[in-house]
Amino acid sequence: MEHQNQRLLVFAGSYAEAANPGVYVYAFNEETGELTPTDSFTGLQNPTFLNVDAKAKRLYALGETASETGPKGKGGEAASFVIQPEQGKIELLNRVDTIDGPPCHIQRSEDSRYLTMVSYHGGMVGLIALEQDGSVGELLDVHQHEGHSVDPQNQDRPHPHSTFFDPAGKYLIVQDLGLDRVRTYALKADSNELEFTVDTASTPGAGPRHLVFHPNGQYAFVINELNSTVTSYQYEAATGTLNEVQTISTLPQGFEGFNGCAEIAISEDGKYLYGSNRGHDSIVQYEVDASTGALTLVQHVSTEGGHPRHFSILPGGKYLLAANRDGNNIVVFSIDQTTGQLTYTGKSVEVSKPVCVWGAYF
């Protein structure tokens with residue numbers, strides 16, 4: 001077994017006051033599907049998104065700070081932690097003020113030279129240096145988005161929700177819910193800058209939120225929060241251009257009521273794609289045609305809790321963890337290795353307002 005001598009740790013971020021625990025660490029038992037708490041960190045305001053660098057044993061978390069100039073009086077910070085796998089613990093390395101707006105997503109380049117952060121309320125994208133020891137460095141570049149789209153409540157201004165580097169690390173793809181745009185920036189490593197390249201328009205009112213690339217690098221899939229759809233794109237690696245292939249609903253036929261999509265993930269073999277519904281409170285599964293990027297609905301599975309803001313497939317591909325903000329739980333699902341279908345294991349752990357969950361081998 002490839003990982004038989006390694007430990008699988010799970011890290012969760014949550015909505016939390018700085019005086020309360022906000023980042024959690026768990027040991028995961030692959031035989032039983034159980035999560036066992038091993039550590040937590042208190043001191044960050046709303047560390048709602050995390051990034052794990054297992055190779056370097058570093059964990060990155062965003063946080064909110066007070067700001068006289070930021071929207072709603074809030075700015076952003078990034079914190080770096082040293083992961084101690086044997087003890088299942090994390091130790092704060094450093095924390096640095098970053099973009100001048102409350103952040104909602106943090107990402108890391110594959111070579112660990114950069115962090116990127118976005119502010120939904122501030123409408124901006126920031127590029128941040130990472131030092132050789134894994135500590136957070138200075139803010140290098142900021143791009144302020146401008147404009148609006150058709151939804152007067154949710155799209156009256158820019159709302160970038162996430163950033164993802166393409167497989168080659170050449171481009172940064174930004175999902176702007178407020179603009180109905182998937183925006184591509186070229187990463188200029190020689191000058192430590194982001195350079196606008198191209199916009200891909202979403203269906204008006206779609207509200208693109210998160211993205212995932214197919215393992216073959218030829219396709220990207222974007223989950224749209226506002227109209228509860230997933231759009232598959234053919235990806236041109238040379239130019240960072242996205243060409244729409246298909247848009248498909250995340251909801252079962254006949255569903256009525258509020259729903260807002262959140263996270264999207266793909267299986268390690270690229271055969272199955274998953275997305276989360278908040279309102280229907282489910283994970284939707286599609287089969288992926290690797291030759292065209294087209295999707296076919298497979299199933300919907302209850303997340304056993306309200307408002308699944310985030311979920312992830314654990315390394316090895318045998319389990320999926322769903323973080324239910326309103327259910328105050330992280331729920332464990334097994335993944336059928338042939339069909340990709342999810343089954344609730346009966347295992348879960350209680351945690352206050354979890355909204356991000358990642359696993360890694362050490």
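These legends describe an overall view and several close-ups of one predicted model. Local features need pLDDT of at least 70, side-chain atom pairs count only at pLDDT 80 or more, and totals for chains, interfaces and linings use all residues. Residues are numbered from 1 along each chain as its sequence is written, and side-chain values use heavy atoms, with hydrogens and water left out.

Figure 1. Strands (E, at least two residues) and helices (H or I, at least four) are DSSP runs, numbered from the N terminus. Along the principal axes, the C-alpha atoms fill a box of roughly 50 × 45 × 40 Å. Of the 362 residues, 57% count as buried. Buried means under 20% relative accessible area, exposed means over 50%, and partly exposed lies in between (1.4 Å probe, protein chains only). The accessible surface comes to about 14500 Å². Carbon and sulfur atoms hold 45% of that surface. Areas come from the Shrake-Rupley method with a 1.4 Å probe; for residues, only the protein chains shown count as cover. Among contacts with a separation of 6 or more, 48% join residues 24 or more positions apart. A contact means heavy atoms within 4.5 Å.

**Figure 2. Four strands form an open antiparallel sheet in the order 8-9-10-11.** Strand 8 (105-108) and strand 11 (136-144) are the edges, and each pairs on one side only. Two strands pair if DSSP finds at least two bridges between them. On average, neighbouring strands of this sheet are turned by 20° against each other, direction ignored. Axes here are lines fitted to C-alpha atoms, for helices over the stretch in contact; angles run from 0 to 180 degrees between N-to-C directions.

**Figure 3. Strands 9 and 10 run antiparallel.** Strand 9 covers residues 114-119 and strand 10 covers residues 124-130. The two are joined by 6 bridges. Valine 118 stands opposite valine 125 of strand 10.

**Figure 4. Lysine 72 sits in a loop.** The loop links strand 5 (58-66) to strand 6 (74-84). Lysine 72 counts as exposed because its relative accessibility is 63%. Glycine 101 is 29 residues away from lysine 72 along the chain, yet their C-alpha atoms are separated by 8.2 Å.

**Figure 5. Cysteine 104 and cysteine 356 are too far apart for a bond.** A disulfide is a covalent bond between the sulfur atoms of two cysteines. The rule used here asks for a pair of cysteine sulfur atoms within 2.5 Å. By this rule the count is 0. The cysteine sulfur closest to that of cysteine 104 belongs to cysteine 356, at 12 Å. Cysteine 104 is buried, with 8% relative accessible area. Cysteine 356 is buried too, at 0%.

**Figure 6. Aspartate 180 has a positive phi, near 55°.** This residue is not a glycine. Aspartate 180 lies in the loop between strand 13 (171-176) and strand 14 (181-188). Its relative accessible area is 1%, so aspartate 180 is buried.

**Figure 7. Histidine 307 has a positive phi, near 60°.** Histidine 307 is likewise a residue other than glycine. Its loop runs between strand 23 (295-302) and strand 24 (308-313). With 15% relative accessibility, histidine 307 counts as buried.
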